[in-house]
Amino acid sequence: MSPPAKWPVSIGPATAECGDQPRKSDHPLVRIFTAVLFVLPCLLIVACSDHSDSDNDRKPTPQSLAEKEPKAAAEKESGETELTPEPDEIGEDCVGFLRATQVTQPNVAGKACPECPSGTAGFEALKFNGFKIEKISPSEAGCEVMVEIRAEFNPSPGGTIIGGLVGWIYPEKREQYARGQTPAGEQFYKVKVIYRRADGFWKAVEFERGDQ
C-alpha cells in the first residue's frame with residue numbers, strides 16, 4: 001500500500017545530504033588536539049634526557065677527584081707555609097740568638113786555659129749543638145714558635161756573659177764562668193720565638209723564656 005500523497009518520501013536526496021556532512025575527526029580543533037597529544041610526550045622525553053645529561057656532568061668522577069686532590073693539597077700546603085716560618089729559618093734564628101751570648105772583659109789567656117783566645121772581643125760563650133721545634137702557634141698577628149736549644153759552654157776565658165741566652169743561664173753558672181771555670185755538660189734552653197710577617201718575609205722580633 002502506497003503512503004498518502006501528502007507525505008512524500010524522498011530517499012535519494014536525504015541520503016546524499018547526510019553523506020556530505022564532515023566527520024568529527026576532520027574538525028580543525030580535533031586535529032590540533034591530536035597533534036598536541038603527539039608532540040607533548042616527545043618534548044617530555046627530550047627534557048628528561050637533557051636533565052639526566054646535566055646531572056651526569058655535575059657528578060664527580062674518579063678521574064676528576066684524582067685531578068683535584070693534588071691541587072687541593074698544594075693549596076693547603078701553600079696556605080700552611082705562609083702561616084708559619086720554615087724550620088730552616090727557625091734554626092738560623094736560634095743559632096743567631098745563641099751566638100749573641102758573648103763574654104765581655106775576658107781575662108788574658110794563660111796556662112790555666114790554653115784554649116781561650118787572648119783579647120777575646122766578641123767571644124761566644126756557647127756552642128750550638130742543635131734545636132728541636134716543640135710547638136708552632138700561628139695567629140693573625142704573626143706566629144709563636146716554642147723551641148728547645150741544645151748547647152754547651154765554650155772554654156771560659158773569664159769575664160761577664162751578656163746578651164742572647166744570658167737570661168736562661170743560671171746565676172751560679174754565670175759566676176762560675178766569670179771566674180774562668182767552664183760549666184760541664186750539655187745545656188738545654190726553652191725559648192719562645194715570636195715572629196712577625198712583613199713584605200712576604202718572616203722576622204723574629206722577640207725571644208722569651210719558654211719554661212715559665
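Me: Why is Val-193 called buried?

Reply: Val-193 has a relative accessible area of 1%. Buried means under 20%, exposed over 50%, and partly exposed in between, computed with a 1.4 Å probe on protein chains only. Val-193 is therefore buried at 1%. The model is predicted, so local features need pLDDT of at least 70 and side-chain atom pairs count only at pLDDT 80 or more, while totals for chains, interfaces and linings use all residues. Residues are numbered from 1 along each chain as its sequence is written, and side-chain values use heavy atoms, with hydrogens and water left out.

Me: What does Val-193 touch, not counting residues up to four places away in sequence?

Reply: With contact meaning heavy atoms within 4.5 Å, Val-193 touches Cys-143, Glu-144, Val-145, Val-147, Ala-204, Glu-206 and Phe-207. The C-alpha atoms of Val-193 and Ile-90 are separated by 8.4 Å, although these residues are 103 apart along the chain. Val-193 itself lies in strand 6; helices (H or I, at least four residues) and strands (E, at least two) are DSSP runs, numbered from the N terminus.

Me: What makes strand 4 largely enclosed by the rest of the structure?

Reply: Eight of its eleven residues are buried, so strand 4 is largely enclosed.

Me: How do you know that strand 4 and strand 6 pair?

Reply: Two strands pair if DSSP finds at least two bridges between them. Nine bridges join strand 4 to strand 6, and the two run antiparallel. One of the bridge partners is Val-191 in strand 6, facing Val-147. On strand 3 (residues 126-138), strand 4 has an antiparallel partner with eleven bridges. Strand 6 in turn pairs with strand 7 (residues 201-209) in the antiparallel sense over eight bridges.

Me: Which residues touch the most other members of the largest nonpolar core?

Reply: They are Leu-126, Val-147, Leu-165, Tyr-189 and Val-191, in a core of 24 residues. Helix 4 (87-99), strand 4 (143-153) and strand 6 (187-198) are the elements that give two or more residues to this core. Strand 4 gives the most, with six. Such a core is a set of buried Ala, Val, Leu, Ile, Met, Phe, Trp, Tyr and Cys residues joined through side-chain atoms within 4.5 Å.

Me: How do you know that Glu-148 and Lys-190 form a salt bridge?

Reply: The rule asks for a side-chain nitrogen of Lys or Arg within 4 Å of a carboxyl oxygen of Asp or Glu. The side chains of Glu-148 and Lys-190 meet at 3.3 Å, N to O, so by that rule they qualify. The pair links distant parts of the chain, with Glu-148 in strand 4 and Lys-190 in strand 6, 42 residues apart. Glu-148 is buried at 14% relative accessibility, whereas Lys-190 is partly exposed at 27%.

Me: What makes Arg-150 and Glu-186 a salt bridge?

Reply: Their closest N and O atoms are 3.6 Å apart, so the pair falls within the limit set by the rule. Arg-150 is partly exposed at 26%, and Glu-186 is partly exposed at 37%. A search of the whole structure finds seven salt bridges.

Me: How many disulfides does the rule give?

Reply: The count is zero, where a disulfide is a pair of cysteine sulfur atoms within 2.5 Å. Cys-94 is buried at 1% relative accessibility, and Cys-143 is buried at 1%.
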